[in-house]
Amino acid sequence: MQAKIEEAIKNILSAIGEDPGREGLVLTPQRVSKSLEFLTSGYKQNAKDILNEALFDSSNNEMVLVRDIEFYSLCEHHLLPFFGRVHCAYIPDKKVIGLSKIPRLVDMFARRLQIQEQLTEQIAEAISEFSGAKGVGVVIEARHLCVEMRGVQKGGATTTTSALRGVFLKDERTRKEFFSLINVAKQVRF
Ligand SMILES: [Zn+2]
């Protein structure tokens, strides 16, 4: 895989009019290949392995919220970064998830080619499926370099997406509690 990527990057450098042999670029194909391997390492992991080892019996049935989980991903349309914060909440049903596993799950899905809407859905779906939670809410706030560096070139615009499952969909009070806890509108910080 590494050799294939290196060859492709050399071709891209030539195609944009650069000299892949000049000093500053000679190791670039190798660096890009290594970097891509890391940025797409999520394809080699799965949600089951991450979450199954970390489910603990509990009688807690109050909302658990992990907020401000930083993430970095690549958009599947332009291979440019989008990045920001994920807020994840769930209401357990006899099982709670080890807290460090939710950021790991976010990293796993983020280190694949993504669009923000799909990333949001996949995180919600995995938590819902593997923990059997009564409900799940996921909100992502992100900046997209494919929007800021090219296209409409609107720097600093934030895109917010959400995915709700179970009681977060059915019960307005739960949903309101979630959105007021994360307080999305008031605290966009990058
Ligand atoms: Zn894009």
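Author: Let's start with names: helices (H or I, at least four residues) and strands (E, at least two) are DSSP runs, numbered from the N terminus. The model is predicted, with local features needing pLDDT of at least 70 and side-chain atom pairs pLDDT 80 or more, while totals for chains, interfaces and linings use all residues. Residues are numbered from 1 along each chain as its sequence is written, and side-chain values use heavy atoms, leaving out hydrogens and water.

Reader: Happy with that. Where is Lys94, then?

Author: Lys94 sits in the loop between β3 and β4.

Reader: And what should I look for in its backbone?

Author: Most residues other than glycine have a negative phi. Lys94, though not a glycine, has a positive phi of about 75 degrees. Asp68 is another non-glycine with a positive phi, about 60 degrees, and this one belongs to strand β2.

Reader: Is Lys94 buried or exposed?

Author: Buried means under 20% relative accessible area, exposed over 50%, and partly exposed in between (1.4 Å probe, protein chains only). Lys94 is exposed because its relative accessible area is 60%. Asp68 has 23%, so it counts as partly exposed.

Reader: Which residues is Ile123 in contact with?

Author: Contact means heavy atoms within 4.5 Å. Leaving aside neighbours within four places in sequence, Ile123 touches Val86, Cys88, Leu105, Val106, Phe109, Val138 and Ile140.

Reader: Last one: what are the protein donors of the zinc ion?

Author: Donors are N, O and S atoms within 2.8 Å of the metal (3.2 Å for Na, K and Ca); water is not among the atoms, so sites may look incomplete. For this zinc ion they are Cys75 (SG), His78 (ND1) and Cys146 (SG), at 2.1 to 2.3 Å. Their spacing in sequence is C-x2-H-x67-C. Cys75 is buried, with a relative accessible area of 6%, whereas His78 is partly exposed at 33%.
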